[in-house]
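Please read them alongside the sequence and the coordinates.

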Amino acid sequence: MHMQKSTTTIQYPLDNDIMFALVMNDAELCRGLLERIFPGRKIRKLRIADDPDVEVQNTIVTGMISKSVRLDVLFEGDDSWYSIEMQNTSDSALPMRGRYYASAMDIDQLRRGEAYRELKKNYVIFICTFDHYGLGQAVYSFQNYDVKNHLPYGDESFKLIVNTTAPAENTPRGLVPFFDYVNRMEVPDDDKFIQALHAQVEKYNTSEWRRKLMTLEEKIKLQIEMEREQIFAEGEAKAKLENAKKMKEMGFDIETISSITGLPIEEIKNL
């Protein structure tokens with residue numbers, strides 16, 4: 001098997017989380033990856049769950065896209081929801097994010113009118129360029145269960161951590177070329193799926209798309225900074241109210257409390 005590497009300048013490889021989200025918005029490529037993560041299972045229908053009618057190009061132009069891809073996937077004999085994301089930096093909070101993503105998918109389903117008993121299976125998948133658990137496994141698969149009795153909880157909620165650094169002997173055969181591509185951008189001559197992945201990466205690394213992606217990155221950074229500032233401001237405001245309430249209980253006069261905390265007198269009166 002012959003390997004080739006791209007001669008195109010790739011500023012945004014597949015392990016970039018935004019690039020991964022863009023590429024995975026191609027349903028056939030996402031299908032190919034999921035079928036390699038779940039060997040032996042065939043997808044009969046797949047669509048982007050958030051809004052199947054919006055083209056990715058239009059989403060980019062408007063400025064913001066989610067870096068994770070939400071999918072409504074029907075395997076043969078199975079009906080599930082998936083969230084799949086590339087993770088290229090080690091994050092100790094990764095399991096907590098998985099918990100949040102799974103909850104978000106359930107909330108979305110309930111908003112669409114589903115009863116609890118009708119909730120579909122959900123899978124949160126992180127494609128990691130590092131070994132989060134350090135055991136050299138290609139795929140770590142988790143579900144809730146009773147530790148003492150080894151009894152599944154039965155909520156049909158699953159988390160998968162895919163480790164692209166796993167040795168080949170611990171990796172399902174279909175994932176080996178995918179890992180080689182993510183890690184070293186190797187494109188085998190005999191793997192049409194990897195070739196198609198690479199073609200999409202090259203497409204989104206043209207000068208036109210690179211400008212859009214750089215703009216998107218800046219907007220995402222700005223959004224994150226604004227959210228942090230908002231959280232800080234809300235925390236500071238809450239602390240002021242708590243301090244004012246304590247001072248009021250201790251017998252401080254309202255004018256003094258207002259002077260110390262900066263809160264309006266009327267607001268302190270209402271505490």
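**Notes on the predicted model**

1. I begin with a loop: His-150 lies in the loop between β7 (145-146) and β8 (151-152), where strands (E, at least two residues) and helices (H or I, at least four) are DSSP runs numbered from the N terminus. The phi of His-150 is near 50°, a positive value in a residue other than glycine. His-150 counts as exposed because its relative accessibility is 61%, given that exposed means over 50% relative accessible area, buried under 20% and partly exposed in between (1.4 Å probe, protein chains only).

2. On provenance, this is a predicted model, in which local features need pLDDT of at least 70 and side-chain atom pairs count only at pLDDT 80 or more, while totals for chains, interfaces and linings use all residues. Residues are numbered from 1 along each chain as its sequence is written, and side-chain values use heavy atoms, with hydrogens and water left out.

3. Glu-156 is located in the loop between β8 and β9 (157-163), and at 38% relative accessibility it counts as partly exposed.

4. Among contacts (heavy atoms within 4.5 Å) with a separation of 6 or more, 63% are accounted for by residues 24 or more positions apart. The accessible surface comes to about 15,600 Å², and 51% of it belongs to carbon and sulfur atoms; the areas come from the Shrake-Rupley method with a 1.4 Å probe.

5. How do α1 and α2 pack? Helix α1 (residues 17-24) and α2 pack at an angle of about 105°, with their axes 7 Å apart, the axes being lines fitted to C-alpha atoms over the stretch in contact and the angles running from 0 to 180 degrees between N-to-C directions. That makes α1 roughly perpendicular to α2, a label that covers 65 to 115 degrees, whereas angles under 35 count as roughly parallel, over 145 as roughly antiparallel and the rest as oblique. Phe-20, Val-23 and Met-24 of α1 meet Leu-29, Cys-30 and Leu-33 of α2. The residues of this contact of α1 with α2 divide into six nonpolar, no polar and no charged, where Ala, Val, Leu, Ile, Met, Phe, Trp, Tyr, Cys and Pro count as nonpolar, Asp, Glu, Lys and Arg as charged, and the others, Gly among them, as polar.

6. Helix α2 (residues 27-37) also packs with helix α6 (residues 192-203), at an angle of about 135° and with the axes 10 Å apart; the two are therefore oblique to each other. The contact is made by Leu-29, Gly-32, Leu-33 and Arg-36 of α2 and by Phe-193, Ile-194, Ala-196, Leu-197 and Gln-200 of α6. By class, this contact of α2 with α6 has six nonpolar, two polar and one charged residues.

7. Phe-179, in helix α5 (residues 175-184), counts as buried at 3% relative accessibility. Leaving aside neighbours within four places in sequence, Phe-179 is in contact with Ala-138, Val-162, Asn-163, Thr-164, Ala-166 and Thr-171. The C-alpha atoms of Phe-179 and Asn-163 are separated by 8.4 Å, the two residues being 16 apart along the chain.

8. Trp-81, in strand β4 (residues 78-87), is buried, with a relative accessible area of 3%.
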